[in-house]
Structures are given as structure tokens and as C-alpha cells.
Amino acid sequence: MNNETQFPEVIVVEASAGSGKTFALAKRYLDLVINPRLKTTSFPLRNILAITFTNKATIEMKERILEFLKRIALDEFENKEQEKEILSSLGVDKKSAQGLAAKTMEGLIDNYTYFQVKTIDSFINAILMGSALNIDRSAHFTIKHDYSKYLAYCLDNVIDLAAQDKNVLLLLEDFLMHYLFVENKSSW
């Protein structure tokens, strides 16, 4: 990852299972809450959103972040290599990192709702529930679980639109290329 952070910033990490995504993302999260060169104006937790695919990944990510904060705050690294790897990107000396990690842990305890590591589904549901009135729905609407006919309907509409609008066609082609890449398929 680059050293020059621009806000707002979206980082997408695509890698195979067991390649260290959770470790890299947890370190990035620490960088965002501890590194003083990023100069956030308020308690930064509310400004950070990490999105994962599964509930298991969400739990693992939160546990890893908390584990790193605890290791830093209490100076309880497994070895010097782990210490160097975790502290290397934080932009502060070890003593300052300890204080900032302890302060972040206190902030997490006081403001746990700001600790935003969510699945894609829970994030989208939160947006929909928060926007219910804007999309002409009651605050207690439910999302259908049998969504295949709705997806088929939407896909038909997009294909029809793509035949008429070159911009929609380009977006559809771009989506398909990304989908095939993520699904690791060479043809469709």
C-alpha cells in the first residue's frame, strides 16, 4: 500500500484464501486509527468502514484488530519480528504507539458502535433501513430472501438498456470482466 493516504479513500483487497488479507487489513485499520500523519479531525473510528464477505471474516477481522491493539498497548508481542511487522507502518515510536493503542482501546469500549467491520449484506441493509423513507418504504420493510426472480428481471432490464445505451453497455461489460476475474473464470 502506498504511504500517501488520500481521503476519502477506498481500498479493495483481492487475494486468495490464506494469503494474509485479514492481517494486511487489520494493520491498515491500525494505521488509520494510530498514525498521526493522517490527521483525522474527530475520533477516527466513526470514519472507517471495513467490509467483508462473511460473518466469519467480520469476526476474524475485529478479533485481529483488537489483538494488535492489545499487543501494542501491553507490549506483548510474540517476538521482535512480529513487533516490527505490526509497528512498522504506524509512523510513531513504540512508546507513543503504546499510548495511542491504549487510547484507541478505550475509545472502542466507549464507542463500540463506531467499530464498523461489516459484511456487505449488513452494510447494504443498514443503508436501506436508514434510507427507507427516501425510497418510499416503511421503516419496517423486509428484504425478500427469494431474490432470483428479481435478479432475472433486473438483468433483463440492464441487457435491454445496454442495447440502447453505449454507456450502460460499457458498464455491463466492465462488471462482467470484474466478475469473471473475481470468480476466476476465463470465459462466460
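Biologist: Why is Lys80 called exposed?

Modeller: In this predicted model, Lys80 has a relative accessible area of 62%. The class exposed requires a value over 50%, so Lys80 is exposed.

Biologist: What makes Glu83 buried or exposed?

Modeller: The relative accessibility of Glu83 is 13%. Buried means under 20%, and Glu83 therefore counts as buried.

Biologist: How do you know that the side chains of Lys80 and Glu83 meet in a salt bridge?

Modeller: The N to O distance between the two side chains is 3.5 Å. The cut-off is within 4 Å for a Lys or Arg nitrogen and an Asp or Glu carboxyl oxygen, so the pair qualifies. Lys80 and Glu83 are three residues apart in helix α3 (residues 80–87), a separation of about one helical turn. Salt bridges with shared partners also join Asp75, Lys80, Glu83 and Lys94 into one network.

Biologist: Why is the pairing of Arg64 and Glu60 called a salt bridge?

Modeller: Their N to O distance is 3.9 Å, which is within the 4 Å limit. Arg64 and Glu60 lie four residues apart in helix α2 (residues 55–74).

Biologist: What makes Arg64 partly exposed?

Modeller: Arg64 has 23% relative accessibility.

Biologist: Why is Arg71 called buried, whereas Glu67 is called partly exposed?

Modeller: Arg71 has a relative accessible area of 16%, and buried means under 20%. For Glu67 the value is 29%, which falls between the 20% and 50% limits. The side chains of Glu67 and Arg71 meet in a salt bridge at 3.0 Å, N to O.

Technical notes. Residues are numbered from 1 along each chain as its sequence is written. This is a predicted model: local features need pLDDT of at least 70, side-chain atom pairs count only at pLDDT 80 or more; totals for chains, interfaces and linings use all residues. Side-chain values use heavy atoms; hydrogens and water are left out. Helices (H or I, at least four residues) and strands (E, at least two) are DSSP runs, numbered from the N terminus. Buried means under 20% relative accessible area, exposed over 50%, partly exposed in between (1.4 Å probe, protein chains only).
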